[in-house]
Amino acid sequence: MIDKNGVAAEAVLAEIRALRAADRPTHGGRLFAYVYDPAVPGLDELASAAHRESAHVNGLDPTAFPSLLAMENALVGAAATVLGGGPGTGAPDVVGSVTSGGTESLILAVKTARDARPEVTEPRIVVPSSAHAAFAKAAHYLRVEMDVVPVSTDTLRPDPAAMAAAIRPETVLVACSAPSYAHGVVDPVAEIAAAAAAAGVRCHVDACFGGWTLPYLRRLGQPVPAFDFAVPGVTSISVDLHKYAYAPKGVSVLLHRTAALRAPQYFAYADWPGYTMINPTIASTRSGGPIAAAYATLRHLGDEGYLRLTSLTRDAVAGLADAVRGVDGLRLMAEPESTVVCFTATEGGPDLFVLVDELTARGWHTQPQLSYAGLPASVHLTVTAAVAPRVAEFGPDLADAVVAARAAGPVRLPPELAALAGALTPDALTPELVAGLAAGLGMGAEPAAGAGPDGGSAGGPLPERMALVNTLLDAAPPALRERLLVEFVGLLQRPAW
Ligand SMILES: *Cc1c(COP(=O)(O)O)cnc(C)c1O
């Protein structure tokens, strides 16, 4: 890696480009997760140039780099305005911080709520089962207990009365989603926030995914329930600018209704001989690059730009949903109300994990979701503006992929794997068992180990067809899924010598 005399700039870039060739396509409207592409000509170049301007600026100290303070304040002001706060609204005193992503925003929302109640020795949060996994991560990191309220298998939303009933004296935060990532449905925010307020508990709305589109969808005439600072009782909201604000990765905003509510978010430390540290976020040294890139993106696209991009996205969602409705054997998990299309198989329909592989083979990269607590396995599509010109091609390919998946039939786990998935407990997993499982699934750190029973790979560490892996995971309870994934990813993450 560290070449004796260093490698010429062009050659290094060529190496990176060669590595990138194995990645899923970040542009072109055929990848329905991970990336958010507006397909606006010149925007990538602008964001890169802005990133370059500020890459070496350090957010550690806003007094040393006022440029970053100014851009952060502008981003927070913009987010607050989109989400029903600011001058002339019912939430004129909104403040916020720029974080590195949705997960950091949620960890900080939980930390702030926890630290606002220092007298609670065993703090708890109430979340619907559809809440993003980052809440569980926050609870785990911060030693906060989670009370999880199941969502209805029909509406995919939690019952507000059940959310209210889950609030205890130790509850420091109640959270809900607008919308949920998995299914794209908006929780009953008004009722949940009212219940939280009645109990004197903070209420966080996780609008990481939809915070930048729901307000524009509403302006386009789509019915969107109140979910932002217009709702009394909502004390904080998160929105990811690296999702539907179309900024490059590394930027989210956490908003609080008032500065007093935000106060416990800060960490200050003066009890050492170095500089006095005062951080609003988890990271201390922070690159100005993502913040400048987000600033440039928001300034350049503007309000009309976001309205137009949301309109394109809405049309793409409608077209994709129609494509799903038009295929026998599939059904929508929910009528789309945001920018997610999520579908499952009907009785006698195709095996969804095989279908996902068939779609991948046709150049459509979707996201399989495992069955969970009475909800069937499903396929998730995050839809962005770049999908709009592709929609007409999707329907025929989906129909074709369903035919192929039906012809292939469901994945049959080799009996020994099925027995393992059903019987194994996470504690019983030994390194040998994991290595055996990984080999059986066609996974391996070495290219030579990549030929699995389900087709094998052309030399990468992962099998080309993932149906077998997904079927195994689907057969396992959540705790075993977690453990298997930790082990598998641990196998992939090995130093290159
Ligand atoms: C993406 C997402 C998150 C987590 O955001 P990251 O930026 O991936 O850390 C949290 N909540 C919701 C609803 C999301 O969609």
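Predicted model: local features only at pLDDT ≥ 70, side-chain atom pairs only at ≥ 80, totals over all residues.
**Entry 1**

I traced the strand order of the open sheet and got β1-β7-β6-β5-β4-β2-β3, 7 strands with mixed pairing. I noted β1 (95-99) and β3 (145-149) as the edge strands, each pairing on one side only. From one strand to the next, I have an average twist of 20°.

I then looked at helix α4 (residues 102-115), which packs on the sheet. I listed its touching strands as β1, β2 (124-128), β4 (171-177), β5 (202-206), β6 (236-240) and β7. The direction of α4 makes about 25° with that of β7.

I also checked how β1 joins β7 (residues 252-256): there are 5 bridges, and the two strands run antiparallel. Within this pairing I found S97 opposite L254 of β7.

**Entry 1**

I placed I16 in helix α1 (residues 9-20). I16 counts as partly exposed because its relative accessibility is 43%.

**Entry 2: salt bridges within helices**

My search of the whole structure gave 20 salt bridges. I went through some of them by location.

In helix α10 (residues 289-325) I found D322 and R325, 3 residues apart, about one turn of the helix. Their closest N and O atoms are 2.7 Å apart. I logged D322 as partly exposed at a relative accessible area of 48%, and R325 as partly exposed at 43%.

In helix α16 (residues 478-492) I found R483 and E487, 4 residues apart, again about one turn of the helix. Here the closest N and O atoms are 2.9 Å apart. R483 is partly exposed at 24% relative accessibility, and E487 is partly exposed at 23%.

Which parts of the chain does the pair D400 and R362 link? I found D400 in helix α12 (residues 391-408) and R362 in the loop between α11 (352-361) and β12 (367-369), 38 residues apart. The N to O distance in this salt bridge is 3.1 Å. I have D400 as partly exposed, with a relative accessible area of 41%. R362 is also partly exposed, with 23%.

Technical notes: Residues numbered from 1 in each chain as written. Heavy atoms only, no water. Pairing = 2+ DSSP bridges. Axes fitted to C-alpha atoms, helices over the stretch in contact; angles between N-to-C directions. Contact = heavy atoms within 4.5 Å. Buried < 20%, exposed > 50% of the residue type's maximum accessible area, 1.4 Å probe, protein only. Salt bridge = Lys/Arg side-chain N within 4 Å of Asp/Glu carboxyl O.
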